[in-house]
Amino acid sequence: MSEASFTLFQNTVIGIEIILYACCLTAFFYPYIAGRKRGHPADIIKRLAVFASYSVIYFFNMAAGMGAVTCMASVIILLTLAAKYLGVEKKSALFMGWCSSASGT
């Protein structure tokens with residue numbers, strides 16, 4: 001296997017890992033997101049916001065090479081700032097982000 005093939009394989013695996021971790025974080029936040037009814041468009045947008053907050057920051061990390069600690073701190077701060085929109089208390093959002101970072105990358 002050439003170096004270019006290995007790099008492509010490694011980046012593909014990392015991309016799949018990022019998507020899976022973003023799905024897990026979204027599933028972790030799902031019961032706590034306040035909404036009117038399950039399946040309501042506003043709830044779907046809130047879940048997409050949680051998914052995007054993780055995946056966008058970590059895909060940016062793949063391109064820029066920031067570091068896992070910086071990325072997870074950014075995700076925690078972003079989710080804490082968006083807590084009011086998500087319908088979660090700020091303390092809960094901070095705690096859930098911290099718990100997910102302890103088990104994540």
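# Helix α2 and its neighbours

Student: Which helices do the buried residues of α2 pack against?

Tutor: The buried residues of α2 pack against α1 (3–29), α3 (68–81) and α4 (83–86). Buried here means under 20% relative accessible area, while exposed means over 50% and partly exposed lies in between, with a 1.4 Å probe and protein chains only. Helices are DSSP runs of H or I with at least four residues, strands are runs of E with at least two, and both are numbered from the N terminus.

Student: Before going on, what kind of model is this?

Tutor: This is a predicted model, in which local features need pLDDT of at least 70 and side-chain atom pairs count only at pLDDT 80 or more, whereas totals for chains, interfaces and linings use all residues. Residues are numbered from 1 along each chain as its sequence is written, and side-chain values use heavy atoms, with hydrogens and water left out.

Student: OK, how many helices and strands does the chain have?

Tutor: The chain has 5 helices and 0 strands, and reading along the sequence gives the pattern α-α-α-α-α. Of its 105 residues, 28% count as buried.

Student: Back to α2, which residues are buried there?

Tutor: The buried residues of α2 are D43, K46, V50, S53, Y54, S55, I57, Y58 and N61.

Student: What does S53 touch?

Tutor: S53, which is found in helix α2, touches V75, L78 and L79 when residues up to four places away in sequence are not counted; a contact means heavy atoms within 4.5 Å. S53 counts as buried because its relative accessible area is 5%.

Student: Where does α2 bend?

Tutor: Helix α2 bends by about 25 degrees at A52, where the bend is the angle between axes fitted to the seven residues ending there and the seven starting there. Even so, the 24 residues of α2 (residues 41–64) should span 34 Å, and the end C-alpha atoms are 33 Å apart, which agrees. The expected span is 1.5 Å times one less than the number of residues in the helix.

Student: And which residue follows α2?

Tutor: Helix α2 is followed by G65, whose phi is positive, near 70 degrees.

Student: Switching to α1, how many residues has it and which are buried?

Tutor: Helix α1 has 27 residues and reaches 39 Å from its first C-alpha to its last, close to the 39 Å expected. Its buried residues are G15, I18, A22, L25, T26 and F29.

Student: What does G15 touch?

Tutor: Leaving out residues up to four places away in sequence, G15 touches F59 and M62. G15 and S55 are 40 residues apart in sequence, yet their C-alpha atoms are 9.1 Å apart in space. G15 is buried because its relative accessible area is 9%.

Student: What about I76, is that buried or exposed?

Tutor: I76, in helix α3, is buried, with a relative accessible area of 13%. I76 and Y54 are 22 residues apart in sequence and 9.1 Å apart in space, C-alpha to C-alpha.

Student: Last one: how much accessible surface does the chain have?

Tutor: The accessible surface of the chain comes to about 6,700 Å², and 71% of that belongs to carbon and sulfur atoms. These areas come from the Shrake-Rupley method with a 1.4 Å probe, and for residues only the protein chains shown count as cover.
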